[in-house]
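Colleague: I am new to reading structures. Could we go through this one by question and answer?

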Amino acid sequence: PAAATPTTDNATNTTTTTTTPVSQPELSQQPVLQEQVRLESQTAVNNTHFGVVVSGNGTLTLPNSTEPIRVTSIKTGIVALMEGAFSGKEVLTTEDGSESATSTFYEITRFNMQSGEGRGIAIATFHTNSTTGVLAPLNGMILTGIDELYPDQTGRQTLWEWQSGIPLSPPPPMTNTTSQGPSSVMNTMQQQQQPQQ
């Protein structure tokens, strides 16, 4: 796709259209995470929100990996009924239990109330303390993809790596907290944007 920008030369009264490419999300060619999921429990929080626990099992296919890694998962979070939105955490654990990774997970789903099926788009960012283990390449990855939900409260989740073209940098060092809160990239940006007095 491209964005067209018309410009008019007032002297000759002609219009020229310039086309510039619009960037699109680039995803890995192969899915990174494929899971079968099952709703384990749901608890009403109020009239519009409920908490859920979802379990899963599947495979991770990480960059430069020769074999898929079998994983299990537990996802917990809050669903907003009106928006079909989910926000929560997911913990992936290798099948042998030796390593784990945690994701912050967001999803928006559209449901067919007659069939009981749903389809959602999801985004997750993963973190792990593993530096040399099999899950080490997952640290800092942003995955995005689709979630297919079935009437029997099971589903299938498929996520690809979003390739932003920006290399992953280490997090900024934490400093002592002050009355203004912890040091962060957002605090630094806000301080830089404040007008000088």
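Colleague: Where does Ser164 sit in this predicted model?

Modeller: The model is predicted. Ser164 is partly exposed, because its relative accessible area is 36%. Its place is in the loop between E10 and helix H1 (185-193).

Colleague: How many Å separate the C-alpha atoms of Ser164 and Pro25?

Modeller: Along the sequence, Ser164 and Pro25 are 139 residues apart. In space, C-alpha to C-alpha, the separation of Ser164 and Pro25 is 7.5 Å.

Colleague: In what order do the elements of the chain run?

Modeller: The chain has one helix and 10 strands. Read from the N terminus, the order is β-β-β-β-β-β-β-β-β-β-α.

Colleague: Which strands make up the closed barrel?

Modeller: Strands of a sheet pair through backbone hydrogen bonds, either parallel or antiparallel. Here the pairing is antiparallel, and the closed barrel has eight strands. On average, neighbouring strands of this sheet are turned by 25 degrees against each other, direction ignored. The barrel runs E3-E4-E5-E6-E7-E8-E9-E10.

Colleague: Is E10 largely enclosed or open, and why?

Modeller: Buried means under 20% relative accessible area. Six of the eight residues of E10 are buried, so the rest of the structure leaves E10 largely enclosed.

Colleague: How many bridges does E10 form with E3, and how many with E9?

Modeller: E3 and E10 run antiparallel. One of their bridges pairs Glu35 with Gln157 in E10. E9 and E10 are antiparallel too, and Glu148 stands opposite Arg156 in E10. The counts are six bridges for E3 with E10 and seven for E9 with E10.

Colleague: Which residue in the hairpin of E9 and E10 takes a positive phi?

Modeller: Most residues other than glycine have a negative phi, and most peptide bonds are trans. This hairpin has four residues between its strands, and one of them has a phi near 65 degrees. That residue lies in the loop between E9 and E10 and is not a glycine. The residue is Gln153.

Colleague: Is Gln153 buried, partly exposed or exposed?

Modeller: Buried means under 20% and exposed means over 50%. The relative accessible area of Gln153 is 46%, so Gln153 is partly exposed.

Colleague: Is Gly88 buried or exposed?

Modeller: Gly88 has its place in strand E6. The relative accessible area of Gly88 is 13%, and the limit for buried is under 20%. Therefore Gly88 is buried.

Colleague: Which residue in E7 is the bridge partner of Gly88?

Modeller: E6 and E7 pair in the antiparallel sense, over nine bridges. Gly88 and Thr104 are 16 residues apart along the chain, with 6.1 Å between their C-alpha atoms. The bridge partner of Gly88 in E7 is Phe105.

Colleague: Which residue forms a salt bridge with Glu95?

Modeller: Side chains of opposite charge can pair when their charged atoms come close. The structure holds one salt bridge. In this pair the closest N and O atoms are 3.9 Å apart. The partner of Glu95 is Arg70.

Colleague: How many residues apart are Glu95 and Arg70?

Modeller: Glu95 lies in the loop between E6 and E7, and Arg70 in strand E5. Glu95 counts as exposed because its relative accessibility is 57%. Arg70, at 40%, counts as partly exposed. The pair links distant parts of the chain, and the separation is 25 residues.

Colleague: Which residues lie closest to the centre of the largest pocket?

Modeller: About 740 Å³ of space lies in this pocket. Its lining has 31 residues. The closest to the centre are Leu39, Phe50, Val79, Phe111 and Leu149.

Colleague: Which element gives the most to the lining of the largest pocket?

Modeller: Several strands give two or more residues to the lining, including E3, E4, E9 and E10. By type, the lining divides into 16 nonpolar, eight polar and seven charged residues. With five residues, the element that gives the most is E7.

Colleague: What share of the chain counts as buried?

Modeller: The chain has 197 residues. Gly88 is among the buried ones. The buried share is 29%.

Definitions and conventions
Residues numbered from 1 in each chain as written. Predicted model: local features only at pLDDT ≥ 70, side-chain atom pairs only at ≥ 80, totals over all residues. Heavy atoms only, no water. 1 Å grid on protein atoms, 1.4 Å probe; cavity = no way out; pocket = protein on both sides within 12 Å on 5 of 7 lines; lining within 4 Å. Points joined across faces, edges and corners; volume = space filled by probe spheres on them. Nonpolar A, V, L, I, M, F, W, Y, C, P; charged D, E, K, R; others polar. Buried < 20%, exposed > 50% of the residue type's maximum accessible area, 1.4 Å probe, protein only. Pairing = 2+ DSSP bridges. Axes fitted to C-alpha atoms, helices over the stretch in contact; angles between N-to-C directions. Salt bridge = Lys/Arg side-chain N within 4 Å of Asp/Glu carboxyl O.
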